[in-house]
Amino acid sequence: MKRRDFITLLGGVAAWPLAARAQQTGKMPRIGFLFYGSPGSSPEVDAFRQGLRELGYIEGQNIAVEYRFASGRVSQLPELAAELVRLNPDVIVTPGTPASVAAKQATSTIPIVFAGVADAVGAGLVANLARPGGNITGLTSISAELGGKRLGLLKGLIQKASRVAVLYNPADQSNVLVLKELQEAAPVLALTLQPLEVREPGEFEGAFAAIARERADVMFGAAGVLTFEHRQTVVDLAAKSRIPTLWGHRQFVEAGGLMSYAVNFYDQIRRTATYVDQILKGAKPGDLPMQQPTKFEFILNLRTAKALGLTVPPTLLALADEVIE
C-alpha cells in the first residue's frame with residue numbers, strides 16, 4: 001500500500017463515529033429511554049430520534065434503544081427504571097422529573113441524561129447546574145421558576161381575576177415545586193390560589209366541580225405525568241367548565257387548550273442526543289454542565305378564546321410566539 005493511501009485510510013478510520021466503530025467490533029451502543037407517556041406514536045420519541053439522526057446515529061444500524069413507557073402511571077417508573085438498569089445500557093435518557101428521579105434511585109453508575117425537569121436541584125437530582133456531579137446531567141425547563149410570569153399572563157387576560165384554581169398532582173414532585181412557586185408569586189398580583197389535587201384520572205371531574213363551586217376566575221394546569229397522559233380529557237373539561245386556562249406545556253394548547261407558557265419540551269428531548277453523544281465518546285455526565293432554556297414559548301389558541309367568548313387584549317396577543325387560529 002502506498003504511503004498516501006495508508007494515510008488516507010488511517011484518517012478515515014479516525015473519523016468514524018464512535019457508534020460505527022463500536023458496531024465494527026461487535027458492540028453497538030445501547031440507550032435506555034424511560035418515559036412517563038404511552039408507546040405508539042409519540043412526538044417525544046420522534047424528537048429524540050431526530051436528535052440522534054442529526055449526530056449520525058441511526059437506530060437499529062449503529063445504535064440500539066430500549067424503551068420503557070409508564071403510560072401515565074408514576075408508580076410504574078421505579079420498576080421500569082430497574083429493568084433498564086439490569087440491561088446495563090451505556091446511557092439512560094429520562095424526559096421529565098419523575099422518570100429522572102426513578103432512574104437516579106435505580107443506579108449511581110450508569111450515566112443518565114434528563115430533559116424537561118422543572119427544578120433539578122430542588123428535586124435532588126444534581127448538586128448544582130455548572131457541575132452536576134455523580135452520574136447525571138441534562139436540560140432543565142426551570143418551570144418551577146415561571147410562576148410569576150404565568151400568573152401575570154392570566155391576569156393580563158382577565159384583568160379582574162382574583163381567584164386562580166391550580167390543577168396539580170401532589171405525587172408528582174415537579175408539580176409540587178411548581179405550586180410552591182405559584183404560591184410565592186400570587187400575593188404580589190393580589191391573587192388567591194385554589195389548589196386542586198388530582199392523583200388519578202377519575203378525580204378530574206371532581207376537581208372541575210370544585211372550580212365551579214368556588215367560582216375561580218381562571219386556572220393554571222400543571223404539566224406532569226398524570227395531566228400530560230390525559231391532556232385531552234382535562235382540556236375538554238376546562239372547555240366544558242368555561243374556565244380560561246394557562247397550561248404548563250404547548251401540547252395542551254395543541255389539544256385545544258387556551259394558552260401555555262413553557263420551554264419547548266420536544267426541543268429539549270431532541271437535544272439530549274448531544275449529551276448522549278458526548279458520553280459515548282468518553283465524557284463523564286457529572287462534568288457536563290446542565291443547559292438552561294434561554295427562550296420560552298407563549299402559545300395562544302384564538303379558536304378556544306372565541307369559543308369561551310373571550311376577547312384577547314391586543315397587548316397579550318402581541319406577546320404570543322404562536323397563535324392558533
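This is a predicted model: local features need pLDDT of at least 70, side-chain atom pairs count only at pLDDT 80 or more; totals for chains, interfaces and linings use all residues.

Trainee: At what angle do H3 and H12 pack?

Mentor: About 40 degrees, with their axes 7 Å apart. That makes H3 oblique to H12. Angles under 35 degrees count as roughly parallel, over 145 as roughly antiparallel, 65 to 115 as roughly perpendicular and the rest as oblique. The axes are lines fitted to C-alpha atoms, for helices over the stretch in contact, and angles run from 0 to 180 degrees between N-to-C directions.

Trainee: Which residues make the contact?

Mentor: From H3 they include Pro-43, Phe-48 and Leu-52, and from H12 they include Phe-265, Tyr-266 and Ile-269. Contact means heavy atoms within 4.5 Å. By class, the contact of H3 with H12 has eight nonpolar, three polar and three charged residues. Here Ala, Val, Leu, Ile, Met, Phe, Trp, Tyr, Cys and Pro count as nonpolar, Asp, Glu, Lys and Arg as charged, and the others, Gly among them, as polar.

Trainee: And how do H8 and H10 cross?

Mentor: At roughly 25 degrees, and their axes come within 10 Å. H8 and H10 are therefore roughly parallel to each other. Their crossing is right-handed. Phe-204, Glu-205 and Phe-208 of H8 meet a set in H10 that includes Val-234 and Leu-237.

Trainee: Switching topic: how many cavities of 30 Å³ or more are there?

Mentor: Two. A cavity, on a 1 Å grid over the protein atoms alone, is a set of points where a 1.4 Å probe fits but cannot get out; a pocket is an open set with protein on both sides within 12 Å along at least five of seven lines, and lining residues have an atom within 4 Å of a point. Grid points are joined across faces, edges and corners, and a volume is the space filled by probe spheres set on the points.

Trainee: What's the volume of the largest cavity, and what lines it?

Mentor: About 210 Å³. There are 23 lining residues, and Gly-116, Ser-174, Ala-223, Gly-224 and His-249 lie nearest its centre. H7 gives the most to that lining, with three residues.

Trainee: What about the second largest cavity?

Mentor: The second largest cavity holds about 60 Å³ of space. Its lining includes Val-235, Ala-238 and Trp-247. H10 supplies the largest share, three residues. The lining has seven nonpolar, four polar and no charged residues.

Trainee: And what lines the largest pocket?

Mentor: Ser-71, Arg-73, Glu-200 and His-230 are among the residues there. The largest pocket has a volume of about 180 Å³, and its lining divides into four nonpolar, five polar and three charged residues.

Technical notes. Residues are numbered from 1 along each chain as its sequence is written. Side-chain values use heavy atoms; hydrogens and water are left out. Helices (H or I, at least four residues) and strands (E, at least two) are DSSP runs, numbered from the N terminus. A crossing is left-handed if the near helix is turned anticlockwise from the far one by less than a right angle, and right-handed if clockwise.
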